[in-house]
Amino acid sequence: MAVSPRKLLSVLAIVGCVLFGYVDAQNCGCASDQCCSRWGFCGTTNEYCGTGCREGPCQSAPPTNDVSVPEIVTAAFFNGIIDQAAASCAGKSFYSRDRFLEALKSYERFGRVGSVDDSKREIAAFFAHVTHETGHFCYIEEIDGPSKDYCDEGNTQYPCNPSKGYYGRGPIQLSWNFNYGPAGESIGFDGLNSPETVATDPVISFKTALWFWMNNVHPVLGQGFGVTIRAINGRLECDGAAPDRVRSRVEYYQEYCSQLGVAPGDNLTC
């Protein structure tokens, strides 16, 4: 099972701050007319004042709709995914619909922005990626993860603990220290010193998937499913890098859209 390094996201955020001359302001402390971005930098553009904006003149988010995510993610829908995993899979006793819904309480905007069809497409997209990355909820951790190096030593805001591994864990296989650190801060666990929590606490595990989704994938949903692949694993899969993996994600997405009675839309591949 391939799991994406998401280093590019962090690099782009930092490069953007340097190019446009914004001041590094870890833990906020920006001027009154600037926003503190989710990465801890000050600025005035959408990258700073949009999704994940911590404080300052943050942009107003679109209102939520009246969709009930639990009514769409029914027991039949969820179990239709996990029931395809072998009985021996670790995820069979770890992941559950109830644990997903408990984690969902912290992310009220998931699946509730735009039209009803938009909501269904977001839910279909999320579970398509989860299905692909975990093998129908079979895997909790990345295969051979401990043998891989996911430490960005240049990230001083979220320094690696040399005795810990930041390989893929959870429904969207959270990877890298620069994801474990802020995810832990947001959710309420020590992501840098106890990354294994993502593989031992199923509610926190789902919360990390939703945290990553709402910060990195939700903002680009309107551009089509293909862009969500790029947001999660673009460098390793898009632009011809791994067409079979892209095809797998797209097929799951189309299948779940069909189950939910919604058209998948355009721009499905990357």
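I call a residue buried when its relative accessible area is under 20%. The model is predicted.

**Entry 1: Tyr107**

I started with Tyr107. Its relative accessible area is 13%, so I logged Tyr107 as buried. I found Tyr107 in the loop between helix H5 (97-104) and helix H6 (116-134).

Which residues is Tyr107 in contact with, leaving aside its neighbours within four places in sequence? I listed Ser186, Ile187, Lys207, Leu210, Trp211 and Met214. I then checked Trp211 by C-alpha distance. Tyr107 and Trp211 are 104 residues apart in sequence, and their C-alpha atoms are 7.9 Å apart in space.

**Entry 2: rings**

I counted 20 aromatic pairs in the structure. I looked up Phe100 and Phe110. Why is this pair edge-to-face? The ring planes of Phe100 and Phe110 stand at 80 degrees, with the centres 6.4 Å apart, and planes over 60 degrees apart count as edge-to-face. Phe100 belongs to helix H5 and Phe110 to the loop between H5 and H6, so the pair ties together parts 10 residues apart in sequence.

I checked burial for both rings. Phe100 has 0% relative accessibility and counts as buried. Phe110 also comes out buried, at 0%.

Next I took Trp176 and Phe178. This aromatic pair is stacked, with 10 degrees between the planes and 5.6 Å centre to centre. Trp176 is buried at a relative accessible area of 8%. Phe178 is buried too, at 1%.

Arg169 lies over the face of Tyr167, 4.0 Å from the ring centre.

**Entry 3: a site from the record**

Which residue does UniProt list for "active site"? The record, an unreviewed entry, gives Glu133. I located Glu133 in helix H6. Is Glu133 buried or exposed? Glu133 has 0% relative accessibility, so I wrote down buried.

**Entry 4: disulfides**

How many disulfides does the structure hold? I noted 5. I went through some of them.

Cys30 and Cys42 form a disulfide with sulfur atoms 2.0 Å apart. The torsion about the S-S bond of Cys30 and Cys42 is about -90 degrees, so this disulfide is left-handed. The pair links distant parts of the chain, 12 residues apart. Cys30 sits in the loop between helix H1 (7-19) and strand E1 (35-36), and Cys42 in strand E2 (residues 42-43). I found both Cys30 and Cys42 buried.

I then turned to Cys35 and Cys49, a disulfide with its sulfur atoms 2.0 Å apart. The torsion about the S-S bond here is about 100 degrees, so the disulfide of Cys35 and Cys49 is right-handed. Cys35 lies in strand E1 and Cys49 in helix H2 (residues 46-49), distant parts of the chain 14 residues apart. Cys35 and Cys49 are both buried.

A disulfide also joins Cys238 to Cys270, S to S 1.9 Å. I read a torsion of about -90 degrees for the S-S bond of Cys238 and Cys270, so I logged the disulfide as left-handed. Cys238 is in the loop between helix H9 (225-237) and helix H10 (243-260), while Cys270 is in the segment after H10. The two are 32 residues apart. Cys238 is buried, with a relative accessible area of 3%.

Cys36 is buried at 0% relative accessibility. Cys257 is buried at 0%.

Key:
Residues numbered from 1 in each chain as written. Predicted model: local features only at pLDDT ≥ 70, side-chain atom pairs only at ≥ 80, totals over all residues. Heavy atoms only, no water. Helix = DSSP H or I, 4+ residues; strand = E, 2+ residues; numbered from the N terminus. Buried < 20%, exposed > 50% of the residue type's maximum accessible area, 1.4 Å probe, protein only. Contact = heavy atoms within 4.5 Å. Phe/Tyr/Trp six-rings, centres within 6.5 Å; stacked < 30°, edge-to-face > 60°. Lys NZ or Arg CZ within 6 Å of the ring centre and 35° of its normal. UniProt positions renumbered as here; feature names shortened; annotations may be inferred. Disulfide = S-S within 2.5 Å.
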